[in-house]
Amino acid sequence: MAINPKKVVKMATSKKCKSLKIKDIDLKVDNFSIDDLNKENENSLQLQTLLETVSSCQISDAYNNLYRTSGVIKGLKSLTGVKGYGKIKTCQTDANDWGSAVAGIDFTDKKEVLFIKTSDEPIAVWGELASTCAKESEIAAVAVYGNMRDVDVIKYMDYPLFSRDYCPNAGTPLGTGKLNLDLEIDGVIIKEGDFFFGDENGVVIIPSEKFNEVIIETFKIKLKEETILKMLKEGKTLAEIVNVKDNFKN
């Protein structure tokens, strides 16, 4: 029987990740970087363990605690219910040009996220074929601030896909867009190399220079929430734990 080396490595990494517990994570703000997401080292393992355990809610809370902003990209929703995260590669194109979107696949490295912004027309730039190509290329996730299609197929692909909306029609492969440029969405600037995290709750973008601080804060929130869950199971109410119950006593 033939053995696929990639599959063996993936299985080994997965087992290591499962064997590492949240309490064993030892990340300090100055001893890791966003680039560790693309590597195979101890920091990568610890980051993967944390990110596989947390949600976009906790990452958004962490960002808000530090910088009083949510990092949420409004309107972007998961089409498959699969979590995805990584460094961003950007693409911008008109909605009638799906050629630039699929060209972005060839310029996005493994474990990175392809983030595509299109014009507002209800025309899809992404579908089944593009999703299959991105998945086979081991791109971490794809987000389209615009429209996808073939939802009847891609929703079963077990692959992280995010979009604002979907429709059946597509344009043509013009290839007139641009790659690796800054994107502006509702006043938020998204740069190549920024951190993307998406799940069923939505999408959060963290600037690369703030990644370390936000990750450490996310870790603290995760530990605090685990403590609260334990207290709830012991019989306390959430109002008691967060000290608001007494505010409503007569």
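**Surface, helices and salt bridges in a predicted model**

Tutor: F248 is exposed, with a relative accessible area of 68%; exposed means over 50%, buried under 20%, and partly exposed in between, with a 1.4 Å probe and protein chains only. This is a predicted model, in which local features need pLDDT of at least 70 and side-chain atom pairs count only at pLDDT 80 or more, while totals for chains, interfaces and linings use all residues. Residues are numbered from 1 along each chain as its sequence is written, and side-chain values use heavy atoms, without hydrogens and water.

Student: What is the area of the nonpolar surface patch that includes F248?

Tutor: F248 belongs to the segment after helix 8, which spans 238-241; helices (H or I, at least four residues) and strands (E, at least two) are DSSP runs numbered from the N terminus. A patch takes residues with over 30% relative accessible area and no salt bridge, joining like charges within 9 Å and nonpolar side chains (Val, Leu, Ile, Met, Phe, Trp, Tyr) within 5 Å. Accessible areas follow the Shrake-Rupley method with a 1.4 Å probe, and for residues only the protein chains shown count as cover. Together with F248, the residues L229, L232, L238, V242 and V244 make a nonpolar patch of about 550 Å².

Student: Where does R68 lie, given its positive phi?

Tutor: Phi of R68 is near 55°, a positive value in a residue other than glycine. R68 counts as exposed because its relative accessibility is 63%. Its place is the loop between helix 3 (56-67) and strand 1 (77-78).

Student: What is the phi of D186?

Tutor: D186 sits in the loop that joins strand 8 (183-185) to strand 9 (188-190). With a relative accessibility of 61%, D186 is exposed. The phi of this residue, which is other than glycine, is positive and near 50°.

Student: How far apart are the C-alpha atoms of C57 and K39?

Tutor: C57 is part of helix 3 and is partly exposed, at 38% relative accessibility. K39 is 18 residues away from C57 along the chain. The separation between their C-alpha atoms is 26 Å.

Student: Are the axes of helix 2 and helix 7 parallel, antiparallel, perpendicular or oblique to each other?

Tutor: Axes are lines fitted to C-alpha atoms, for helices over the stretch in contact, and angles run from 0 to 180 degrees between N-to-C directions. Helix 2 (residues 42-53) and helix 7 (residues 211-233) have axes that come within 11 Å and cross at roughly 55°. Angles under 35 degrees count as roughly parallel, over 145 as roughly antiparallel, 65 to 115 as roughly perpendicular and the rest as oblique. Helix 2 and helix 7 are therefore oblique.

Student: Is the crossing of helix 2 and helix 7 left-handed or right-handed?

Tutor: A crossing is left-handed if the near helix is turned anticlockwise from the far one by less than a right angle, and right-handed if clockwise. The way helix 2 passes helix 7 is left-handed.

Student: How many salt bridges are there?

Tutor: A salt bridge requires a side-chain nitrogen of Lys or Arg within 4 Å of a carboxyl oxygen of Asp or Glu. One of them joins K28 and D26, at 2.8 Å from N to O. K28 is partly exposed at 44%, and D26 is partly exposed at 44%. By this rule the count of salt bridges is five.

Student: What is the C-alpha distance between D35 and K87?

Tutor: K87 forms a salt bridge with D35, with the closest N and O atoms 2.7 Å apart. The pair links distant parts of the chain, since K87 is in strand 2 (residues 84-93) and D35 in the loop between helix 1 (5-19) and helix 2. K87 is buried at 16% relative accessible area, whereas D35 is partly exposed at 36%. D35 and K87 are 52 residues apart in sequence, and their C-alpha distance is 8.0 Å.

Student: Is E112 buried or exposed?

Tutor: E112 forms a salt bridge with K89, the closest N and O atoms being 3.4 Å apart. K89 lies in strand 2 and E112 in the loop between helix 4 (98-106) and strand 3 (113-118), so the pair ties together parts that are 23 residues apart in sequence. K89 is buried, at 10% relative accessible area. With a relative accessibility of 5%, E112 is buried.

Student: How far apart in space are E192 and N180?

Tutor: E192 is located in the loop between strand 9 and strand 10 (195-199), and it is partly exposed at 38%. E192 and N180 are 12 residues apart in sequence, while their C-alpha separation is 5.9 Å.
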